[in-house]
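Me: I am new to this structure and would like to go through it step by step. Please show it first.

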Amino acid sequence: LQNPATVGEITFEQGATTFRNRVRDQAVDNPLTFQTAQGNALVRVNGTGTGWAEFEFASQCILASPLTLEVNNTAGSPDFGALRLRTLWSGPGGLVKTGPGLVSLTGEGKLYQGPTVIGEGVLRVTSTATPSATASVSVLPGGQLRLVSDGTPLYQFGGTLALEGAGRADGIPDDTGFGKLGALRY
């Protein structure tokens, strides 16, 4: 981004690519704001390859409304899944994880205030990326919260943590090494 921008929906059609598609800013004063007049803003990642989409900002991404992360690619990067959210994320909105794929929160500054809901697939969180201002974290049946230690295994969520179900949905085979079982994994 060369200027501040507001979007309601972004779709990454990754196909079978092995490459990273990155959205980044050119300066500290160029935030990306997710906002819609009705419902949730949306980031969708489709594909079958080991490539991934990534947001990396010197300034920040602002959640002016809730943001749904629909990740339909179950391959993605072995380290980050099909979507990686780096650096500062703030605002009154929350995150809703859908789709069977994996999303990673990495880096410091996950300061958004709305609830975090994992309805399907995996939300992978490093300890430095713990959403410390979120109103709550809910893992619904078919979802999984995966905590990945980076040397400091301290996770301070901003609100309550509610776990339901036994892990990822039936669309993921048991023997694939994708860590199917468990609503909470460490």
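Me: In which strand is valine 71 found?
Reply: This is a predicted model, in which local features need pLDDT of at least 70, side-chain atom pairs count only at pLDDT 80 or more, and totals for chains, interfaces and linings use all residues. Residues are numbered from 1 along each chain as its sequence is written, and side-chain values use heavy atoms, with hydrogens and water left out. Strands are DSSP runs (E, at least two residues), numbered from the N terminus. The run covering residues 67-71 holds valine 71, and that run is strand E8.

Me: Is valine 71 buried or exposed?
Reply: Buried means under 20% relative accessible area, exposed over 50%, and partly exposed in between (1.4 Å probe, protein chains only). Contact means heavy atoms within 4.5 Å, and leaving aside neighbours within four places in sequence, the contacts of valine 71 include Val45, Leu83 and Val103. Because its relative accessible area is 0%, valine 71 is buried.

Me: How far apart in space are valine 71 and leucine 88?
Reply: In sequence, valine 71 and leucine 88 are 17 residues apart. In space, C-alpha to C-alpha, the distance between valine 71 and leucine 88 is 21 Å.

Me: Which residues of the largest nonpolar core touch the most other members?
Reply: A nonpolar core is a set of buried Ala, Val, Leu, Ile, Met, Phe, Trp, Tyr and Cys residues joined through side-chain atoms within 4.5 Å. The largest such core has 35 residues. Not counting residues up to four places away in sequence, tryptophan 89 touches Phe34, Phe55 and Leu67, among others. Those touching the most other members are Phe34, Phe55, Leu67, Leu83, Leu85 and Trp89.

Me: Which are the edge strands of the open sheet of four strands?
Reply: Two strands pair if DSSP finds at least two bridges between them. The order is E1-E4-E7-E10, with parallel pairing. E1 and E4 (residues 32-34) pair over three bridges. Pairing on one side only, the edge strands are E1 (5-7) and E10 (89-90).

Me: Which residue in E4 is the bridge partner of alanine 5?
Reply: E1 and strand E4 pair in the parallel sense. In E4, the partner of alanine 5 is leucine 32.

Me: Is serine 136 buried or exposed?
Reply: Serine 136 lies in strand E15 (residues 136-139). Not counting residues up to four places away in sequence, serine 136 touches Pro115, Thr116, Gly159 and Thr160. Because its relative accessibility is 17%, serine 136 counts as buried.
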